[in-house]
Amino acid sequence: MPDWNDLRYFLAIAREGTLASAARSLEVDASTVGRRLAALEEELDSKLFDRTPSGLVLTDAGRGIHSAVEEMEAAALAVERRASGEDARLEGVVRITLTEAFAVDIVLPRFAPFRERHPGIEVQFLTDYGALDLARREADIAIRLTRPQGDTLVARKVGEIAIAPYASESYLERRGAPDPARGFAGHDVIGYADAAAKWPEARWLAEAAPGARVAVRCNSLLSVVTATAAGMGVGVMPCLCGDREPGLRRVAPLVASLRRDIWLVVHPDLQHNARVRATLHFLTELIQRERSLLSGEGRPAPRSSGRRSS
């Protein structure tokens, strides 16, 4: 019977397409992945992958076992989750997936009391714009800005995030206040590049600011905030970022169509785990306590700088 660990390596190669990428996902050396694959192919007496210029591709034999190995993985993960879900100890590791901006601006600056309250729990913050898979135990808790589809995860809405256009004091002194009614004509804006070009903020900016010039394009929220703070143009960002950044001012009202809901998400097998429950409870308290900052209610409406835009 094949070694389950060898089958895990087989799945990683099938998903990633190269030994190097599979090694990174498994946090091992590429040579280890190669040895595991060779051992599995010898055990099964079958070639499982063809080497092509674009990477490793499943052979007929590889495709034949792929779905069965995925079922084995799902069963093994279910056993792990259910065993972990019964754990009543307030100790161990909890992995939280969330965006870097939310971690840096909201959670991490306020997380010290959790460590004092639960010193036995090690929390790992996985800041990634990709959606890590809770079913595959890539993370235990997710803080997401869209509700998960389907009924395989438990999701609870805990707050809202407001979004608005901002500019720096230095920019406003040089250029005056932009006029949203004129499509930000004569002003510079911070645009979006790569995957960020598909964000709702990018679509809104294209529609709301047709008369503006794009000063720079960024592919991350933190880059947009930094470029805006540097006086390069008007940037669209969550109020949790803009209201906390010294020298930034809102230059238009909150954009209702860009408002996001905040969801805490967990797999049902883990919702009764003691350390996961403690972490969820703390995060819920933290987010609800910062409702004013997150919803944009902590700052008055923008005022005119007294200068006409150029």
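Predicted model: local features only at pLDDT ≥ 70, side-chain atom pairs only at ≥ 80, totals over all residues.
## Overall build

The protein chain holds 12 helices and 12 strands. Its C-alpha trace spans about 80 × 50 × 30 Å along the principal axes. The chain has 310 residues, and 47% of them count as buried.

Among contacts with a separation of 6 or more, 76% join residues 24 or more positions apart. The accessible surface of the chain comes to about 15,700 Å². Carbon and sulfur atoms account for 50% of that surface.

## Confidence

The average pLDDT of the protein chain is 88. A score of at least 70 is reached by 92% of the residues. Among the elements, strand β7 (residues 163-168) has the highest mean pLDDT, at 97. Helix α4 (residues 60-85) has the lowest, at 80.

One stretch needs separate mention. Over residues 303-310, pLDDT stays under 50. For this stretch the model has 18 contacts beyond four places in sequence.

## The largest pocket

The largest pocket contains about 850 Å³ of space. Its lining counts 24 residues. Nearest its centre lie Arg8, Ser25, Leu26, Arg136 and Glu138.

Which elements each supply at least two residues of the lining? They are α1 (4-16), α2 (19-26), α4 and β4 (121-127). Helix α1 gives the largest share, with seven residues. Helix α4, one of these contributors, is also the element with the lowest mean pLDDT.

Most residues other than glycine have a negative phi. Phe184 has a positive value, near 60 degrees. Asp194 also has a positive phi, of about 55 degrees, and is not a glycine.

Phe184 lies between α7 (169-175) and β8 (188-192). Asp194 is found between β8 and α8 (200-208). Are these residues buried or exposed? Phe184 has 2% relative accessibility, under the 20% limit, so Phe184 counts as buried. Asp194 has a relative accessible area of 61%, over the 50% limit, so Asp194 counts as exposed.

## Leu153

Leu153 is found in the loop between β5 (141-144) and β6 (154-161). Its relative accessible area is 22%. That value falls between the 20% and 50% limits, so Leu153 is partly exposed.

Tyr192 is 39 residues from Leu153 in sequence. The C-alpha atoms of Leu153 and Tyr192 are 31 Å apart in space.

## Ala202

Ala202 has its place in helix α8. Its relative accessibility is 13%, which is under 20%, so Ala202 counts as buried.

What does Ala202 touch, not counting residues up to four places away in sequence? The partners are Tyr192, Ala196 and Ala197. Ala202 and His187 are 15 residues apart in sequence. From C-alpha to C-alpha, Ala202 and His187 are 16 Å apart.

Key
Residues numbered from 1 in each chain as written. Heavy atoms only, no water. pLDDT = per-residue confidence, 0-100. Helix = DSSP H or I, 4+ residues; strand = E, 2+ residues; numbered from the N terminus. Contact = heavy atoms within 4.5 Å. 1 Å grid on protein atoms, 1.4 Å probe; cavity = no way out; pocket = protein on both sides within 12 Å on 5 of 7 lines; lining within 4 Å. Points joined across faces, edges and corners; volume = space filled by probe spheres on them. Buried < 20%, exposed > 50% of the residue type's maximum accessible area, 1.4 Å probe, protein only. Areas by Shrake-Rupley, 256 points an atom, 1.4 Å probe, with all protein chains shown as cover.
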